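Colleague: I have a model open and want to talk through its fold. Can we go through it piece by piece?

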Amino acid sequence: MNTVILISLGARDRLLVDGRGFMAAHAGVAPEEVRVLDALAERALKPGEPAVAACFAGAGPFVVGCSRPRAAQALLAFAGVACGGLPVEWVALPFDREALRREPGVPWYPVIDRTRCSGCGTCRDYCLFSVYD
């Protein structure tokens, strides 16, 4: 049986769907069986955070839903959870991109060297945190 996990990257990570309900329906389990890992970005900064490791306890397979799977994978790796060796199906959930822009916080803007930029869009595709959209 699949272990189903719903990840929130942080306080401003707002899904456009009921994440728990969506993941339960996707994986064919009851909503109360979906494990929820909130504030992954903050938790990843705390070495040995038990809640992070507990979500991925067992051999899997895992079905993991979040707004930005690549960002979640990078944060999990930083927290010491090696998802690369686990059977994981990543589900990208629709999220409110505008919430990242309209709410107060620490602004961060990438700087593009226009003398080297060809306009190919690779940086937009590669960015883990959707700052180019």
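Modeller: One term to begin with: buried means under 20% relative accessible area. Keep in mind that this is a predicted model.

Colleague: Which residues of S1 point one way, and which the other way?
Modeller: In a regular strand the side chains alternate between the two faces of the sheet. S1 covers residues 3-7. Val4 and Leu6 point one way, and all residues named for this strand are buried. Pointing the other way are Thr3, Ile5 and Ile7.

Colleague: Why is S1 largely enclosed by the rest of the structure?
Modeller: The cut-off for buried is under 20% relative accessible area. S1 is largely enclosed because its buried residues number five of the five.

Colleague: What is the order of the strands in the open sheet?
Modeller: Strands of a sheet pair through backbone hydrogen bonds, either parallel or antiparallel. Here the pairing is parallel. Three bridges join S1 to S2, and four bridges join S1 to S3. The four strands have the order S2-S1-S3-S4.

Colleague: Which are the edge strands?
Modeller: An edge strand pairs on one side only. The order is S2-S1-S3-S4. That gives S2 (35-37) and S4 (88-92) as the edge strands.

Colleague: At about what angle does H4 run to S4?
Modeller: H4 spans residues 69-78. This helix lies across S1, S2, S3 and S4. Its angle to S4 is about 130°.

Colleague: How many disulfides does the structure hold?
Modeller: A disulfide needs two cysteine sulfur atoms within 2.5 Å. For Cys83, the nearest cysteine sulfur is that of Cys66, 10.0 Å away. Cys83 is in no disulfide. For the structure, the number of disulfides is zero.

Colleague: Is Cys83 buried or exposed?
Modeller: The limit for buried is under 20% relative accessible area. Cys83 has 10%, and Cys55, at 7%, is buried. Cys83 is therefore buried.

Terms used. Residues numbered from 1 in each chain as written. Predicted model: local features only at pLDDT ≥ 70, side-chain atom pairs only at ≥ 80, totals over all residues. Heavy atoms only, no water. Pairing = 2+ DSSP bridges. Helix = DSSP H or I, 4+ residues; strand = E, 2+ residues; numbered from the N terminus. Contact = heavy atoms within 4.5 Å. Axes fitted to C-alpha atoms, helices over the stretch in contact; angles between N-to-C directions. Buried < 20%, exposed > 50% of the residue type's maximum accessible area, 1.4 Å probe, protein only.
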